[in-house]
Amino acid sequence: MELIIIFISAAVVNNFVLAYFLGICPFIGVSNKITSAVSMGMATTFVMTITAIVSWLLFNLVLVPYDLGFLQIPSFILVIASLVQFVEMVIKKVSQSLYRALGIFLPLITTNCAILGLALFASMRSYTFPESVVFGVGAGAGFTLALTIMAGIREELELAEVPEAFKGAPITLIIAGILALAFMGFAGMI
Amino acid sequence: MKKNVTLSKEFLKGLWDINPVFRQALGLCPLLAVTVSAINGIAMGLASTFVLVSASLLISSIRKLIPPQVRIASFIVIIATFVTIVDLVMKAKFPDLSKELGPFIPLIVANCVILGRQEAFSSKNSPGRAVLDAFGIGFGFLIALFVLGSIREILGSRTILGFTVLPDSFEPWIVMILPAGAFLTLGILMGIANAYNIRKERIAKQTLMEKFKMAVAGRNVNQPEAK
Amino acid sequence: MKVYKIITTLSVIGLMSGGILSQLSNWASPLIEANRKAETERAIFLVQPGGKSYEMINVPGVELFKVFDENIASIGYAMVYNGNGYGGNIRIMAGISDDLKEVRAIEVLELAETPGLGTKITEEPFTTQFKGLTAYPSIELIKGAPPLKPNEVQSITGATISAKAVVDIINNGLRIVRNSVSEGSQ
C-alpha cells in the first residue's frame with residue numbers, strides 16, 4: 001500500500017516536471033514530437049530507476065556508515081554522469097535511429113536536475129530500498145507522461161497561429177502552466 | 001575566442017544579450033521552483049552566482065592542466081564541491097532560508113547555466129575574463145529570479161520582500177504561488193522579452209535598409225554630376 | 001602516459017574536494033545540529049506555553065517529549081506525528097495534557113498542501129480550535145455548523161481533506177502514545 005502511494009505520488013500528484021519543476025530543459029527541448037518524447041521519457045525512466053538503485057546503495061552502504069554525508073552531492077552527480085555515459089553507449093549500439101532522435105539531449109540527462117533530485121529526495125526522505133526503486137520508476141513514469149502530453153499538444157499547436165514572440169519556449173511554458181493546474185486535480189488521490 | 005571584446009562588455013552581455021533565462025531558456029528549474037517570493041529569488045540568485053563565479057575562477061585558472069577527456073567530470077566535481085560549501089554554510093548560518101529553498105540548493109549542481117558557462121567560456125579564457133563573465137551571467141540570472149519572484153509575491157500574497165503593497169481589497173491570486181503560476185508568469189515574461197527583441201531587430205534592420213537606400217540614392221544622384 | 005595524467009587529475013580534484021568538504025563539515029555539523037535542536041525547542045514551548053525544559057521519551061513510532069515548568073514539575077507532553085494530507089506528508093507537533101485527554105495547542109512543522117486552501121490548517125481560526133480541545137476518546141471533525149461538543153473541530157471550507165488529516169494525525173498519534181504510556185505504567 002505504502003509503495004502504491006509512493007508510485008502515484010511521484011508519477012502524478014507530485015509530478016517531477018509540473019509540481020517540482022525538475023527536468024524543465026528536456027521538457028521544453030524534446031517535446032516537439034510524440035515519438036522523440038516517448039523515447040526521451042523511456043531513456044530518462046531507465047536512468048532514473050538505475051540511479052535510484054545505485055544512489056540508495058551508495059548512500060546507505062558507503063556514505064552513512066563512514067559518516068561521509070557531506071560528499072553526497074559530488075558522489076551522486078558522478079554516479080549519474082557515468083550512468084548516462086553507459087546508457088548513451090548502449091543506445092548507440094542498439095539503435096542508431098533512436099540515438100539520432102535523442103540527439104544532444106542524451107548527454108544533457110546528466111544535468112537533468114530530475115535525476116539528481118530523485119537521488120536527493122530519496123535519501124532525504126530516508127526511503128527503504130524497495131521504496132526508492134518504486135519512487136524512481138514512478139518519477140520516470142511521471143516525467144514520460146508529462147513529456148508525452150506536452151508533445152501531443154505541441155504537435156497540434158503547429159497548426160495554430162501563435163504570436164511570433166510566443167513561439168517556442170514561452171508558449172510551451174504557458175501550456176505547462178495549464179497542465180500543472182490540471183494535474184492539481186490528482187492531489188486528492190493520496 | 002574574440003579577444004577584442006572589452007572587459008565591461010564581457011560583464012554586461014550576461015545581463016541582457018545572453019541572459020541565461022530570457023534569451024537562452026536555461027536554468028529554469030531552480031528559477032521556477034524557488035520564486036514564490038522575492039527574497040527566495042535573491043537568495044537563490046546569490047547562491048548560484050557564488051558557485052558560478054568560484055567555479056569559473058578555479059576552472060579558468062587550471063584550464064590548461066585538465067585533460068580534455070575528463071573535462072566535464074572535473075567541472076562537475078568542482079561545481080559540486082562549491083555547491084556543497086554553499087549548502088553547508090546556509091544550513092549552519094541561515095537555517096530558515098535553507099529550509100525554504102529546501103533541496104534546490106543541492107540542485108544548483110544540475111543547473112545547466114553553470115556547467116554551460118564552464119564549457120563555453122571559462123575553459124577557454126583567462127581567469128579575469130571568466131570571472132567577469134560569470135558575474136554578468138550570475139547577475140542576469142539573479143535579475144530574472146528577482147523579477148519573477150516579485151511578480152509572484154505581489155500578485156500571490158500582496159507583499160514584496162515581506163512588506164504589504166496591495167490593499168486588503170485585492171484578493172490574492174493564489175494561482176501565482178502555485179506551480180502553475182510560475183509557468184504562466186515565466187511564459188508571459190519570455191514572450192514579452194521576445195517581442196521586445198523582435199521589435200528591436202526590425203528597427204535595426206529598417207535603419208540599416210534606410211541607410212543603404214540613402215547611400216544608393218546618393219550615389220545615383222552624385223553619379224551624373226561626376227560625369 | 002595520457003591515462004596516467006587523466007587519473008592523476010581526477011584523483012587530485014577528488015582529494016582536494018573531499019578534504020575541503022570534510023573540514024567544512026566538521027565546522028558546520030555542530031551548528032546544523034544546534035539549529036535543529038533550537039527549532040524543536042521553539043515548537044515544544046509554543047505548544048506547551050508554560051514549559052521551561054523538556055526531555056525526550058522513547059516511544060516507538062512517535063516523537064514524544066515530556067515538558068516541565070520552572071519548578072521541574074511535569075505539565076504534559078509534546079508529540080510529533082505525521083500522516084498524509086491532500087498534497088503529501090503533514091508533520092504536526094501537539095501539546096498534550098498529562099492525562100493525555102486534552103490538546104493544548106498544535107504547530108504544523110511540515111506540509112505540502114495547496115497554498116491558500118490546505119495551508120489554512122496552519123492559520124487561525126483553525127488552529128485556535130485546538131487550544132484546550134478535548135481529545136478523549138477522540139477528536140471529531142464536523143462540517144457546516146459551529147462545534148458544540150468540547151471534542152469537535154470545525155472543518156475548513158474547500159480543504160476538508162487537509163483538516164481531516166490534521167485531526168487524524170493527532171488522534172492516531174495519541175492512540176500510540178496512550179498505548180505505550182499505559183503499558184509503561186503497569
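**Notebook: chains C, B and A**

**Entry 1, chain C overall.** I began with burial and noted that 30% of the 186 residues of chain C count as buried, where buried means that 20 or more other C-beta atoms lie within 10 Å of a residue's own, exposed means 12 or fewer, partly exposed is in between, and C-beta atoms are placed from the backbone. I keep in mind that this is a predicted model, in which local features need pLDDT of at least 70 and side-chain atom pairs count only at pLDDT 80 or more, while totals for chains, interfaces and linings use all residues. Residues are numbered from 1 along each chain as its sequence is written, and chains are lettered from A and ligands numbered from 1 in the order in which they are written.

Next I looked up the extent of chain C, and its C-alpha trace spans about 85 × 45 × 30 Å along the principal axes. The radius of gyration of chain C is 22 Å, whereas a compact globule of 186 residues would have one near 16 Å; the radius is taken over C-alpha atoms, and the globule rule is 2.2 Å times the number of residues to the power 0.38.

**Entry 2, the sheet of chain C.** I counted 2 helices and 8 strands in chain C, using DSSP runs numbered from the N terminus, with helices (H or I) of at least four residues and strands (E) of at least two. Along the sequence I read the pattern α-β-β-β-β-β-β-β-β-α.

In which order do the strands of the open sheet of 6 strands in chain C stand? I found S1-S2-S3-S4-S5-S6, with antiparallel pairing, where two strands pair if DSSP finds at least two bridges between them. Strand S1 (53-59) and strand S6 (133-134) of chain C are at the edges with a single partner strand each, so one side of each has no neighbour in the sheet. As background, I wrote down that strands of a sheet pair through backbone hydrogen bonds, either parallel or antiparallel.

S2(C) and S3(C) form a hairpin with 5 residues between them, and in the turn C:Ile72 has a positive phi of about 55°. On to the following strand, S3(C) is joined by 8 bridges to S4 (residues 89-96) of chain C, and the two run antiparallel; here C:Ala78 has C:Gly95 in S4(C) as its bridge partner.

I then asked how many residues of chain C are in contact with chain B. There are 18 of them, facing 20 residues of chain B, with contact taken as C-beta atoms, placed from the backbone, within 7 Å. The chain C side has 10 nonpolar, 6 polar and 2 charged residues, where Ala, Val, Leu, Ile, Met, Phe, Trp, Tyr, Cys and Pro count as nonpolar, Asp, Glu, Lys and Arg as charged, and the others, Gly among them, as polar.

Towards chain A, 32 residues of chain B are in contact with 34 residues of chain A. H8(B) gives the most to the chain B side, with 12 residues, and this side divides into 27 nonpolar, 5 polar and no charged residues.

Leaving out residues up to four places away in sequence, I listed what B:Ile79 touches: B:Val51, B:Ala55, B:Val109, B:Ile114 and B:Leu115.

Is B:Leu58 buried or exposed? I found B:Leu58 in helix H3 (residues 38-61) of chain B, and B:Leu58 is buried because 21 other C-beta atoms lie within 10 Å. Its C-alpha atom and that of B:Pro127, 69 residues apart along the chain, are separated by 7.8 Å.

Last, I counted 8 helices and 0 strands in chain A. Its radius of gyration is 17 Å, close to the 16 Å that the globule rule gives for 190 residues, so chain A is as compact as a globular protein of that length. Buried residues make up 51% of the 190 residues in chain A, and residues 24 or more positions apart account for 82% of its contacts with a separation of 6 or more.

Terms used. Two residues are in contact if their C-beta atoms, placed from the backbone, lie within 7 Å.
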